[in-house]
Amino acid sequence: DSLLQEIEFPSPQSLSSMAPNTVWHNKPQCDDAEKAYYEKLSGAKPAPAPVPASAPAALEGAQPQPGSLAEQIARARQHIKNSLDAVDLVGEEKVMAAKFSSLEIENKELRKVTEDLKSLVVSLSARVGKLESGGGGTAAAVTPAAAVEDDDDDVDLFGSDDEEEDEEKARITAERLKAYHEKKSKKPKVIAKTSVLFDVKPWADDTDLDAMKAACMGIEMEGLVWGASKLVPLAYGIQKLQIMCTVEDEKVSIEELGEKMEAFEDFVQSVDIAAMNKI
């Protein structure tokens, strides 16, 4: 405590008077002066003074100074505007070119349709002319019978060349029809035939198969031709008889032939059709 009492501390008033003055009141003016000095040394043009916010309307119509930032911005804006206008013109030119190409295609199609119609009209005109030129003979040929009866009194004693030509045409047509019918009647008629394979089954294994075969193939009918035959094992030592024949469809009934073979009851148990083919 005695040591603390001996040390004397300075008062706040004396400390404030001893503090240095560190406030730079005119710094903005000094910065502007330094900037103007260095711009002058470098030869650059001094920047325009800032426009006060209170008077923007007064400078709206004023032209920017050459080389200033405002002038460069204005030129950049004008360049962008010109580029956009050029792009719009290019797009319009492409649209117009597409329209012209489509119109050319439609024009070609219409021209083709017109040519087709023209050729059709020409062909129809030619056909109508032919019909009109040959219509007199047709009308005379299709004259009603009543009109002929009314004109019986006006008899042409000497006849006419047209009537003679019509008679000659009718005679030639009749001769050609007669020759055609004679030729058609002489043409050989196609005969429909069927090849049939019968399965003939006996009663038992001791049935006389040779007698059964002779009985079946002894059937005679107009249009029936017997073919090959063979014995085929069936079951339990029993064999069946297979007989091939050819019949004319219009003259022989296959069902009737089978019934005739089944009529031999001493030998035949049943008759079935194993195969059948049209010839």
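Predicted model: local features only at pLDDT ≥ 70, side-chain atom pairs only at ≥ 80, totals over all residues.
Biologist: What is the N to O distance between Arg-171 and Glu-168?
Modeller: The salt bridge between those two side chains has an N to O distance of 2.3 Å.

Biologist: And where do Arg-171 and Glu-168 lie?
Modeller: Both sit in helix α7, residues 161–186. They are three residues apart, which is about one turn of the helix.

Biologist: Okay, new topic. How many salt bridges are there in the whole structure?
Modeller: A search of the whole structure turns up seven.

Biologist: What about Glu-222, which residue does its side chain meet in a salt bridge?
Modeller: Lys-251, with 3.5 Å from N to O. This pair links distant parts of the chain, 29 residues apart: Glu-222 is in the loop between α8 and β2, and Lys-251 is in the loop between β3 and α9.

Biologist: How accessible is Glu-222?
Modeller: Glu-222 has 61% relative accessibility, so it counts as exposed because the cut-off is over 50%. Lys-251, at 45%, counts as partly exposed.

Biologist: Last one: where are Lys-278 and Asp-249?
Modeller: Lys-278 is in strand β4, and Asp-249 is in the loop between β3 and α9, 29 residues apart. Their side chains meet in a salt bridge at 3.1 Å, N to O. Lys-278 is exposed at 64%, while Asp-249 is partly exposed at 30%.

Methods: Residues numbered from 1 in each chain as written. Heavy atoms only, no water. Salt bridge = Lys/Arg side-chain N within 4 Å of Asp/Glu carboxyl O. Helix = DSSP H or I, 4+ residues; strand = E, 2+ residues; numbered from the N terminus. Buried < 20%, exposed > 50% of the residue type's maximum accessible area, 1.4 Å probe, protein only.
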